[in-house]
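Student: I have not looked at this structure before. Could we go through it by question and answer?

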Amino acid sequence: MAHVTKHRRKLLIRVRRINGQVAALERSLHADIDCAAVLTQIAAVRGAVQGLMMEVLEDHLREHVVADPKRSRRARELAAVTSLMRTFVR
């Protein structure tokens with residue numbers, strides 16, 4: 001996945017931000033804070049993970065589906081992405 005390597009720094013920044021959000025969530029659970037605040041933090045973590053996934057997925061589609069000159073490889077990649085998305089949206 002050349003696109004992951006090419007954008008590694010930006011992706012790692014996102015992952016570190018997600019780690020910080022998860023750590024804050026853990027601290028909140030230990031501190032017995034209001035459940036609405038916990039739910040808000042969970043939603044923020046979920047949104048951050050979805051944003052990361054969409055960024056990697058968009059780059060993957062550009063690199064391995066749209067730009068690939070071989071129709072058979074495009075079809076294979078499309079099937080793989082479709083399967084992944086079915087798992088993700090459950």
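Student: How many helices and how many strands are there in the chain?

Tutor: The model is predicted. From the N terminus on, its elements run α-α-α-α. The count for the chain is therefore 4 helices and 0 strands.

Student: Why is the chain said to be more spread out than a compact globule?

Tutor: For 90 residues the globule rule gives 12 Å. The radius of gyration of the chain is well over that value, so the chain is more spread out than a compact globule, at 17 Å.

Student: What does the C-alpha trace span along its principal axes, and what share of the residues is buried?

Tutor: Along the principal axes, the trace spans about 55 × 30 × 15 Å. Buried here means under 20% relative accessible area. Of the 90 residues in the chain, the buried share is 20%.

Student: Among contacts between residues at least 6 apart in sequence, what share joins residues at least 24 apart?

Tutor: A contact here means heavy atoms within 4.5 Å. Among the contacts in the chain between residues at least 6 apart in sequence, the share that joins residues at least 24 apart is 62%.

Student: Which side chain does the side chain of Arg62 join in a polar contact of 2.4 Å?

Tutor: Arg62 is found in helix H3, which covers residues 35–66. Its C-alpha atom is separated by 9.2 Å from that of His3, 59 residues apart along the chain. The polar contact of 2.4 Å joins the side chain of Arg62 to that of Glu58.

Notes: Residues numbered from 1 in each chain as written. Predicted model: local features only at pLDDT ≥ 70, side-chain atom pairs only at ≥ 80, totals over all residues. Heavy atoms only, no water. Helix = DSSP H or I, 4+ residues; strand = E, 2+ residues; numbered from the N terminus. Polar contact = N/O pair within 3.5 Å; in protein donor to acceptor, adjacent residues only side chain to side chain. Rg over C-alpha atoms; globule rule 2.2 N^0.38 Å. Buried < 20%, exposed > 50% of the residue type's maximum accessible area, 1.4 Å probe, protein only.
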